[in-house]
Amino acid sequence: MAGKRERRKISDEERKAKAAETKAKELAAWVPKTLLGKKVLAGEVTSMDEILKSNQPVLEPEIIDYLMPLEEKMIEFKKTTRVVRAGRKFSFRISVLVGNKNGFVGVGTAKDNEKWPAIKKATRKAKLNLVKVRRGCGSWECTCGIGHSVPFRVTGKTASVKVTFLPAPKGTGLVAGEAAKDVLLFAGVQDVWTKVGGATDTRLNFVKASIDALGKTTRMKVSNAIGKKGGRKE
Ligand SMILES: [Zn+2]
């Protein structure tokens with residue numbers, strides 16, 4: 001029994017190592033198509049914040065891979081089967097959440113007839129959908145000044161789901177549903193209170209509404225940098 005568990009653990013690690021190796025190989029073979037990509041590869045641009053400050057859109061996910069390590073998690077998996085004349089035809093619809101646990105989080109959804117290409121496409125999309133999250137200590141009960149919570153109350157909406165995050169004092173933890181918790185963890189928020197509406201909706205919409213809410217701390221999306229002209233209220 002113990003031997004079996006150990007074997008499984010090793011193969012899990014091996015799988016992770018292999019995935020990291022593949023990623024590194026892919027990144028090493030990256031030929032940038034955009035000017036920004038070329039600058040990143042040349043070491044002229046070295047951080048996401050620099051990119052956001054200069055208002056340059058990120059159109060290649062490799063730019064993000066190059067600048068910061070991201071964690072990935074599949075949050076939705078749908079397999080549909082159609083019966084066609086030649087037999088069965090599968091279709092996959094997959095959503096992936098990505099984040100660096102330090103102020104950047106995004107989600108992407110993609111479809112494909114095969115599982116792995118669908119995951120890959122969704123991950124690429126998630127990277128281009130990254131939003132910057134400003135963390136803070138907005139709770140009047142806590143004056144530590146460290147970015148462990150949200151700086152102020154933010155609300156996001158997707159379909160029928162409405163998610164509100166409220167600043168919470170240090171040590172509160174993530175008082176949130178599972179989908180919102182994933183997003184908060186990936187964004188690097190540690191303490192927050194949540195209010196939710198539309199409880200019958202899909203997990204994906206809870207994730208999207210949570211990201212929408214967190215994005216309102218900065219209104220910065222990497223694919224369009226500071227956003228549409230005139231769209232900023234500050
Ligand atoms: Zn605090």
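Which strands does H7 lie across, and at what angle to S5 does it run? H7 lies across S5 and S6, and runs at about 145° to S5. Axes here are lines fitted to C-alpha atoms, for helices over the stretch in contact, with angles from 0 to 180 degrees between N-to-C directions.

## Ground rules

Keep in mind that this is a predicted model: local features need pLDDT of at least 70, side-chain atom pairs count only at pLDDT 80 or more, and totals for chains, interfaces and linings use all residues. Residue numbers start from 1 along each chain as its sequence is written. Helices (H or I, at least four residues) and strands (E, at least two) are DSSP runs, numbered from the N terminus.

## The sheet

S5, S6, S8 and S7 line up in that order in an open sheet of four strands with mixed pairing. Two strands pair if DSSP finds at least two bridges between them. At the edges sit S5 and S7 (174-175), each pairing on one side only.

Now for S6 (residues 161-167). It runs antiparallel to S5 (residues 154-158), with five bridges joining the two, and antiparallel to S8 (residues 192-197), with six bridges.

In S6 the covered face carries Val161, Val163, Phe165 and Pro167, while Lys162, Thr164 and Leu166 are on the uncovered one.

## Where the helices meet

The axes of H6 (residues 178-187) and H7 (residues 203-215) come within 8 Å and cross at roughly 40°. That makes H6 oblique to H7: angles under 35 degrees count as roughly parallel, over 145 as roughly antiparallel, 65 to 115 as roughly perpendicular, and the rest as oblique. The crossing is right-handed, meaning the near helix is turned clockwise from the far one by less than a right angle.

From H6, Ala179, Ala180, Asp182, Val183 and Ala187 meet Arg203, Phe206, Val207, Ser210, Ile211 and Leu214 of H7. Contact here is C-beta atoms, placed from the backbone, within 7 Å. The contact residues divide into eight nonpolar, one polar and two charged. Ala, Val, Leu, Ile, Met, Phe, Trp, Tyr, Cys and Pro count as nonpolar, Asp, Glu, Lys and Arg as charged, and the others, Gly among them, as polar.

Definitions and conventions: A residue is buried if 20 or more other C-beta atoms lie within 10 Å of its own, exposed if 12 or fewer, and partly exposed in between; C-beta atoms are placed from the backbone. Two residues are in contact if their C-beta atoms, placed from the backbone, lie within 7 Å.
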